Amino acid sequence: MVCCFFLYIAARGKTSDLKLKKRKGSLLLQGVLVVACMLLYFTCLKITCVSIAILLQYTAPFYVMLASPLILNEKIRKESISVLFIAITGVFLIVKPEVFRA
């Protein structure tokens, strides 16, 4: 897979994209955060059940969207808030289905 990636870059003549230049710090930070995410995921698996750990893993993009205005100074649009509300309602239905049963 990696060989195919390098062949694709070489065929396009974009080998300069492989140089880190000023991206060393962000690449290191990304690596540290990925390792931290994996450690927290496996810790969650040890502490809770598998379904809760997987649910938390798949809802991570929602937490990122909630934190993006604070960390990245991004603006959240009305569509994003409505989609977030629907997604959290879906997660709540998965975790506590007995609440909505008649």
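Helix 2 gives the largest share of the lining of the largest pocket, namely six residues, where helices are DSSP runs of H or I with at least four residues, strands are runs of E with at least two, and both are numbered from the N terminus. The model is predicted, with local features needing pLDDT of at least 70 and side-chain atom pairs counting only at pLDDT 80 or more, while totals for chains, interfaces and linings use all residues. Residues are numbered from 1 along each chain as its sequence is written, and side-chain values use heavy atoms, with hydrogens and water left out.

**Overall form**

- Along the principal axes, the C-alpha atoms of the protein chain fill a box of roughly 60 × 35 × 25 Å.

**Helix packing**

- Helix 2 (residues 24-47) packs with helix 3 (residues 50-58) at an angle of about 155°, their axes being 8 Å apart; axes are lines fitted to C-alpha atoms, for helices over the stretch in contact, and angles run from 0 to 180 degrees between N-to-C directions.
- Helix 2 and helix 3 are therefore roughly antiparallel to each other, a word used for angles over 145 degrees, while those under 35 count as roughly parallel, 65 to 115 as roughly perpendicular and the rest as oblique.
- Cys37, Tyr41, Cys44 and Leu45 of helix 2 meet Val50, Ala53, Ile54, Leu56 and Gln57 of helix 3 in this contact, which means heavy atoms within 4.5 Å.
- The residues of the contact of helix 2 with helix 3 comprise eight nonpolar, one polar and no charged, with Ala, Val, Leu, Ile, Met, Phe, Trp, Tyr, Cys and Pro counted as nonpolar, Asp, Glu, Lys and Arg as charged, and the others, Gly among them, as polar.
- The axes of helix 3 and helix 4 come within 4 Å and cross at roughly 45°, which makes helix 3 oblique to helix 4.
- Leu56, Gln57 and Tyr58 of helix 3 make that contact with Ala60, Pro61, Phe62 and Tyr63 of helix 4, and these residues divide into six nonpolar, one polar and no charged.

**Pockets**

- The largest pocket holds about 300 Å³ of space, and helix 2, helix 3 and helix 4 (60-71) each supply at least two residues of its lining. A pocket is an open set of points on a 1 Å grid over the protein atoms alone, where a 1.4 Å probe fits, with protein on both sides within 12 Å along at least five of seven lines, and lining residues have an atom within 4 Å of a point. Grid points are joined across faces, edges and corners, and a volume is the space filled by probe spheres set on the points.
- The lining of the largest pocket includes Leu33, Leu40, Gln57 and Val64, and by class it has 11 nonpolar, one polar and no charged residues.
- The second largest pocket, with about 160 Å³ of space, is lined by Tyr63, Val64, Ala67, Ser68, Ile71 and Leu72.
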